[in-house]
Amino acid sequence: MDDVTRAPVADAPPAEEPRRRETSARKIRAAVEALLFSSSRPVRELEIAEAVEASPEAVAETLAALAEEADVPARGIRLERVAAGWRFVTRPEFDSLLRRFHEVTERSRLSLAALETLAIIAYRQPITLPEIQEVRGVNSSSVLTTLLEKKLVTTAGRKPVVGTPFLYRTTRDFLVRFGLNEIEDLPQPDELAEDLAATVGAEGSLSASAAPSEPLSPAGERSRDAVPGDGGDDEDDDGDGEDVEEEDEDDDDEDDDEKEDAS
C-alpha cells in the first residue's frame, strides 16, 4: 500500500480578542454630541455605542448628562428621546424665527380625514382597510394611500380571513412626527376624556368670571333712573310742569295785590 502524503495542516489563526470598549462617559461625551448633532434622524443607544466603541452604560450616562445640560431656558436646543432614539431639536419658541430665516412658508399638515384614519390605525393596529372603513363609515382607501406615501403607516402582513386583506400599522416615522418614544406613549382614551372635561370646565369658569356682576333687566324693561324721558316717566314730567304753572299764577296774584295797595 502506497504511503499517502499529507499536506501539513496550517495552524488556525489565533482568535481576535474583543476590542476593549471605553467605559468613561467623560471621554466619549464630545464624540456622542458630534454624532447626534450631525445625524438627521434619531440614533439608538446601541448604534451610538458601536460608533464610539463604548459600553452601553457609558453611552447612557453621557446621554443623561447631555440632556440635563441642554434642558435649560438659556439654551436654544435640547436633547430629545423619540422613536427609541436620541436627537437634538430646537426649542418650540424659536419656530417662527427659524421659519423666517430658512424661508419656510408652508406647513406639512394632514387633513382631518387623514388624522382620523391615522388615529384608528394607531390605536387598533394591526388593522385592515375594511375594518378602518367600518369604524369611519366612509371609503378610506385614498386616505390610506396618502398615509402610506408619507411613510406614516406600512403593511404588517395579511389577516388570515377570506380575501387575506393587508394589515396596517404605524411606522417609526409616525413616532418621530408626533414626538413619541414608543407607541405605548399614546394618550389613553380615559386620559383624553379627563383632559377634555378639564378644558371644558376651565372655559366655563372663564365665561362665568367675564359675566357682569349685576343681572340684566328683563327684555322690554328699562330703568327709570337710567333712562330719562322714557314712557314710564311721562306722568312725572307732566306733573312737574303743572307745578311750575301754578307757581306762576300765584306770583301774578301777588303782583296785583301790591298794585292795589300802592294806589
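Start by selecting Phe 178, which is partly exposed, with a relative accessible area of 39%. Partly exposed covers the range between buried, under 20% relative accessible area, and exposed, over 50% (1.4 Å probe, protein chains only). The structure is a predicted model, in which local features need pLDDT of at least 70, side-chain atom pairs count only at pLDDT 80 or more, and totals for chains, interfaces and linings use all residues. Residues are numbered from 1 along each chain as its sequence is written, and side-chain values use heavy atoms, with hydrogens and water left out.

**The aromatic pair**

The structure holds one aromatic pair. The ring centres of Phe 174 and Phe 178 are 5.0 Å apart and the planes stand at 45°, so the pair is tilted. Rings of Phe, Tyr and Trp (its six-membered ring) pair if their centres lie within 6.5 Å; planes under 30 degrees apart count as stacked, over 60 as edge-to-face and the rest as tilted. Phe 174 has 3% relative accessibility and counts as buried.

**Arg 158 and Phe 166**

Next, select Arg 158 and Phe 166. The charged end of Arg 158 sits over the ring of Phe 166, 3.8 Å from the ring centre. The criterion is NZ of Lys or CZ of Arg within 6 Å of the ring centre and within 35 degrees of the ring normal.

**Strand S5 and Thr 170**

Now show residues 166-170, which form strand S5, and pick out Thr 170 in this strand. Helices (H or I, at least four residues) and strands (E, at least two) are DSSP runs, numbered from the N terminus. Is Thr 170 buried or exposed? Thr 170 is buried, with a relative accessible area of 7%. Leaving aside residues up to four places away in sequence, Thr 170 touches Leu 118, Ile 121, Ala 122, Gln 125, Leu 152, Val 153 and Ile 183. Contact here means heavy atoms within 4.5 Å.

**Salt bridges**

Move on to the charged side chains. The structure holds 10 salt bridges, each a side-chain nitrogen of Lys or Arg within 4 Å of a carboxyl oxygen of Asp or Glu.

- Select Glu 69 and Arg 29, whose side chains meet in a salt bridge (1.9 Å, N to O). This pair links distant parts of the chain, with Glu 69 in helix H3 (residues 56-70) and Arg 29 in helix H1 (residues 25-38), 40 residues apart. Glu 69 is partly exposed at 39% relative accessible area, and Arg 29 is partly exposed at 27%.
- Select Glu 45 and Arg 81, which form a salt bridge with the closest N and O atoms 3.3 Å apart. This pair also links distant parts of the chain: Glu 45 lies in helix H2 (residues 45-52) and Arg 81 in strand S1 (residues 77-82), 36 residues apart.
- Select Glu 80 and Arg 87, whose side chains meet in a salt bridge (2.8 Å, N to O). Glu 80 is buried, with a relative accessible area of 14%.

**The whole chain**

The protein chain has 10 helices and five strands, and buried residues make up 22% of its 263 residues.
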